[in-house]
Amino acid sequence: MIEPDSTGGARRPRAGSRTRPARRGIAGIAGIAAVTLGVGSALVALSPAASMASSHREAPLVAADPAIDNTDTYAFVSPDDKNSVTLVANWIPFEDPNGGPNFYPFANDAQYDINIDNDGDAKPDITYRWTFSSSYKNPNTFLYNTGVVTSLDDPDLNFTQTYRLEVVSKGRSTVLADKVPVAPSNVGKTSMPNYAALRNQAVKPLPSGLTTFAGQADDPFFLDLHVFDLLYGGNLSEIGKDTLAGYNVNSIALKVPASLLALKGDAGRNPVVGVWSTTQRRSTTMVSPTNSSGRAMGFGQWSQVSRLGSPLVNEVIIPVGQKDRFNASTPSRDAQFLNYVTDPELARLFQTFYKIPAPKTPRNDLVAVFLTGISKANLGVDLTSPTLNADADPKDIAPSEELRLNMSVPPTASPNRLGVVGGDAAGFPNGRRLTDDVVDVELQAVEGVLLPGTPDAVKGLGDAVNANNIPFLGTFPYLALPNSR
């Protein structure tokens, strides 16, 4: 149980205590002021000093900048290699396949990060960072491609992107790969008749057993977004339609040996890690009509502009007035948002609309799900093991919203879409697999499914969207191919 401190937040771990990764989460933007100044023929925008937003446009400031909008983060033991972990993070929500002529590039003036906390102090111990560059072969055409594209170095692929991948640890940055090609947006069957081959060319094995990918994919998040229409119409009449079907996202993925992520490299003794993704931009951006490249140029220090760990936290746990602040905050400061977890608005709304009694507060079961990881010690109920993805003594974990994964739990051949709630210890909220139905799991969790004596009505809650509209692949990067027209 997380005990409140004198300010109403959660108490920090004792000095000198050994910690394990905590679930990281709540990111937000502290107050933002956008200032535009005319400087000769150039426009200079002073960007926020903290974050903007994340996850399918749920925070007020994100809609104007989709290239940095982090939609989802996934972390799971690789289904075809139990000794490795696959990390996936997505950006740019609601990519319509008919998005020409420019389609959907990664931003050139951004850092795209996946962060690992392997000692539970709510601070990144390892950061994998992707930075992108863009080029045109022929700037005198409006076309994304000037003919049929059969390879990533095809002269008919007019617009191309490459990236540098670095790992940052203990204050040092090491380049793992450079000038790696990005899989292009899926223009259509005429332009790219064998898109799967282009995707495969963008999968790059690296030394030390890593494999990296960046490119477009079908949005793997499946749900009915009518939850925002007064909770599915106020009577569950508006469920069953996958709102994200047919849309794409930009994805980065990394397959990593578990030993490289674990504390002191020992995945047997220290199997639990926390994972979250972030995006940074320069604090000042300049756009000049005389710049031959036509692209913005960034100056100044890097500022976080998006953050995402566990799904739906910013969407349905954090109130609208705190969403941008949530996105700017670092996980080590997540205790300031504790009351939104221990007394969630969503549970009270379900009581209003569906007469399902809201569980008693404070909701320490949700603290376990979102902030510390699940164990018998902090839930008071016996799951599949005394410790799932937290230390047996969760008070040694700094409460923070991270996607927490126990790397020692092997993948299952037949995943249960409800993960831990469905008796499958390899699934959400123990990490997050592509197939996990996080909407149903979180609806049931908010209504108390992990508490003793749960009403049967709670166990059946869901949006009636139980799987992605396109099957996932069996090999890395596992994401389904992007939709075309």
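**Charged and aromatic side-chain contacts**

I began with Lys255, which counts as buried at 14% relative accessibility, where buried means under 20% relative accessible area, exposed means over 50% and partly exposed lies in between, with a 1.4 Å probe and protein chains only. I note that this is a predicted model, in which local features need pLDDT of at least 70 and side-chain atom pairs count only at pLDDT 80 or more, while totals for chains, interfaces and linings use all residues. Residues are numbered from 1 along each chain as its sequence is written, and side-chain values use heavy atoms, with hydrogens and water left out.

**Salt bridges**

I looked up salt bridges, taken as a side-chain nitrogen of Lys or Arg within 4 Å of a carboxyl oxygen of Asp or Glu, and the count came to 13. Lys255 has Asp80 as a salt-bridge partner, with the closest N and O atoms 3.4 Å apart. Asp80 sits in the loop between β3 (70-77) and β4 (84-95) and Lys255 in strand β11 (residues 248-257), so this pair ties together parts that are 175 residues apart in sequence; helices (H or I, at least four residues) and strands (E, at least two) are DSSP runs numbered from the N terminus. Asp80 itself is partly exposed, at 42% relative accessibility.

I then turned to Asp334 and Arg307, whose side chains meet in a salt bridge at 2.9 Å, N to O. Because Asp334 is in the loop between α5 (323-328) and α6 (338-342) and Arg307 in strand β13 (residues 297-308), the pair ties together parts 27 residues apart in sequence. Asp334 is buried at 0%, and Arg307 is buried at 0%.

**Aromatic rings**

For rings of Phe, Tyr and Trp (its six-membered ring), I counted a pair when the centres lie within 6.5 Å, calling planes under 30 degrees apart stacked, over 60 edge-to-face and the rest tilted. The structure holds 13 such pairs. Phe94 and Tyr247 are edge-to-face, 5.4 Å centre to centre with 85° between the planes. Phe94 belongs to strand β4 and Tyr247 to the loop between α2 (230-236) and β11, so they tie together parts 153 residues apart in sequence.

Phe326 and Phe337 have ring centres 5.6 Å apart and planes at 70°, so I logged them as edge-to-face. I also recorded one aromatic cluster formed by Trp91, Phe106, Tyr112, Phe132 and Tyr163.

My last entry is Arg432, which lies over the face of Phe221 at 5.0 Å from the ring centre; the rule asks for NZ of Lys or CZ of Arg within 6 Å of the ring centre and within 35 degrees of the ring normal.
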